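Here is my note on the model you sent. Please read it with the structure open.

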Amino acid sequence: MTLCLAAGSCLTLQAQEIPLVNNIYGRPHTTTLNGQWNYIVDVQERGFYDYRMREDRNGFFRDAHQRSKIDLVEYNFDTSPQMAVPGDWNTQDSRLFFYEGTVWLRRTFDYQPKPGRRTVLYFGAVNYEAIVYVNGQKMGRHVGGFTPFNYDITSALKPGQNNVIVKVDNKRDRSQIPTNIYDWWNYGGITRDVLLTEVGETYIEDYSLQLDKQDWKHLTGWVKLNSRKAGERVTVSIPELKVNQQVMTDDEGRAELSIKAKPELWSPESPKLYDVTLTLGEESMQDRIGFRCIETKGKQIVLNGKPIFLRGVAIHEEAPFTQGRTRNLEQSRTLLGWAKELNCNYVRLAHYPHSELEVREAEKMGIMVWDEIPVYWTIDWTNEETYANAQRQLHDMIYRDKNRAAVVIWGIANETPHSEPRDKFLSSLARYAREMDSSRLISMAMEVTSAKNFHNKLSDNMHEYVDVVSFNQYVGWYRDVNVAAKMTWEVPYDKPVIISEFGGGALAGWHADKDTRFCEEFQENLYIENLKMLDKIDGLSGLSPWILMDFRSPARYLPHVQDFFNRKGLISPEGQKKLAFYVMQQYYREKMEQAKQSR
Ligand code: GCU
């Protein structure tokens with residue numbers, strides 16, 4: 001199947017892969033395959049290749065069993081260990097803490113296929129490569145560790161017991177997105193929800209509904225069916241706005257939406273969401289959508305016509321109070337709750353798309369979101385496959401989150417080294433994002449890594465492709481310790497500025513003087529000095545200090561201090577708030593007061 005993307009380029013979807021059946025959480029006939037899955041660690045992938053490195057017709061996807069005492073079968077899912085899905089394998093089996101390779105996972109489930117219905121198998125995310133089989137039939141292969149994908153498995157299902165088997169491989173590679181070096185843990189596995197949903201032969205595949213930027217009493221959008229069926233009636237109702245609009249699809253199976261309505265606008269102070277029901281025939285699905293207008297005016301970010309300062313913090317998907325990748329809404333809620341406690345109205349979800357449920361929760365809590373793809377550090381810029389991968393991940397992030405009012409910025413890169421191939425790669429991504437969605441701001445984390453005579457100047461060709469100029473700087477940690485007060489800053493672009501990262505490390509509970517690395521007082525002083533320095537930047541419109549909570553990284557070795565954790569968190573994984581947390585919290589409290597007085 002070919003998925004033609006907004007920018008005209010087409011993606012070839014493999015085997016049974018189909019365009020994402022969007023907003024799966026709002027669909028009526030959805031069941032979960034989360035739970036305990038049996039798994040087999042397959043270091044040499046012998047469950048996939050035979051001894052001549054050919055794809056083995058009798059691979060583990062067969063889920064073979066010894067039928068008689070003479071049979072030779074050298075694996076058995078039934079008697080293999082189990083792990084929780086969703087969940088990374090690194091923190092569920094101590095033998096796999098550092099493991100990078102293939103693990104096979106299997107789930108059996110009872111199912112009764114219904115005539116005239118399609119069954120779709122959905123994965124919220126699998127890191128990094130997944131090859132999916134249902135009852136021994138290959139459904140397809142997916143790469144990219146942080147975006148959802150799904151398969152129409154109708155033809156592979158049988159009444160009674162079925163199985164889904166996934167070959168997951170988290171090996172890093174230079175040509176991937178992200179590339180083979182990055183500062184977070186390579187958590188492998190099925191790390192988000194696995195769901196089954198039943199739809200009719202013709203169903204609503206995707207839709208968009210937003211406030212018209214030019215007319216706030218008008219909602220615009222479209223609805224798209226899974227097939228090019230004309231004359232299908234779709235009803236969109238928003239009871240609270242007394243909207244009940246019927247549209248007919250064209251011969252592309254698509255219908256434009258143009259709705260007169262005067263919604264209360266979504267904002268962090270008032271995160272208003274409206275119940276929206278979309279109906280095709282007997283099938284209805286639900287969503288909760290907010291309406292707002294985000295734009296820039298000169299050096300200001302403007303939300304619903306008013307300048308707004310993004311009081312933010314960066315967050316990794318690292319689970320609080322336990323180990324591993326976040327795997328449920330409760331953990332996301334804890335992280336977002338800490339951001340609220342920090343007086344944030346904004347989070348930078350680093351460095352990859354976080355779970356849909358986390359984005360939806362931020363929206364409910366009145367927290368704006370920077371949604372980002374992992375085009376991180378030194379990507380293989382001249383590799384066409386690498387670009388296609390990046391574009392696919394960008395497409396899938398925008399496709400999934402385009403109806404989320406909280407998402408105000410698409411982040412397309414982080415700390416990428418300057419070169420002509422890099423500018424070509426990133427400017428293409430920026431254009432692509434804008435073609436897919438002109439309603440949001442585009443940015444990327446640039447960087448300023450040095451000063452001349454204490455003068456710091458941002459210089460990046462990509463400034464012309466972004467709406468907000470964001471950059472990371474580490475005065476006081478990686479450079480120029482204790483001279484923040486002497487620093488001046490120059491951002492020679494007439495656009496709003498976000499400091500997308502600053503900060504330093506501290507081991508929670510270690511106290512010493514402000515010149516002792518890794519104690520809380522050092523980090524506290526770094527924040528005090530940095531905030532005084534950054535506050536002077538002309539056009540400063542937001543901050544996302546690095547980072548809310550300590551997170552695992554293979555590059556942080558220092559025994560008894562890091563122990564494979566990056567300690568730049570304002571909070572420890574055990575929930576201990578460090579002194580710097582209160583510095584940041586107070587700075588944002590003052591920003592809130594200033595905003596109130598300027599109204
Ligand atoms: C970089 C990078 C982060 C990293 C941080 C650090 O700015 O963007 O991903 O964790 O620095 O060194 O702690």
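Predicted model: local features only at pLDDT ≥ 70, side-chain atom pairs only at ≥ 80, totals over all residues.

1. Three strands form an open sheet in the order β16-β17-β20, and the pairing is antiparallel. Its edge strands are β16 (204-212) and β20 (254-260), each of which pairs on one side only. From one strand to the next, the twist averages 15°.

2. Seven bridges link β17 (residues 215-225) to β20 in the antiparallel sense.

3. Helix α4, dimensions and start. The helix covers residues 420-436, 17 residues in total. From first C-alpha to last it reaches 24 Å, close to the 24 Å expected at 1.5 Å a residue. At its start, a side-chain oxygen of Ser 419 comes to within 3.0 Å of the backbone nitrogen of Arg 422.

4. Helix α4, packing. Its buried residues include Phe 425, Leu 426, Leu 429 and Ala 433. What do the buried residues of α4 pack against? The partners are α3 (384-401), β29 (407-414) and β30 (441-447).

5. Asp 396. This residue is found in helix α3. Asp 396 counts as buried because its relative accessibility is 7%, and buried means under 20%. Its side chain makes a polar contact of 2.7 Å with that of His 395. Leaving aside neighbours within four places in sequence, Asp 396 is in contact with His 142, Thr 147 and Pro 148.

Conventions:
Residues numbered from 1 in each chain as written. Heavy atoms only, no water. Pairing = 2+ DSSP bridges. Helix = DSSP H or I, 4+ residues; strand = E, 2+ residues; numbered from the N terminus. Axes fitted to C-alpha atoms, helices over the stretch in contact; angles between N-to-C directions. Expected span 1.5 Å × (residues − 1). Buried < 20%, exposed > 50% of the residue type's maximum accessible area, 1.4 Å probe, protein only. Contact = heavy atoms within 4.5 Å. Polar contact = N/O pair within 3.5 Å; in protein donor to acceptor, adjacent residues only side chain to side chain.
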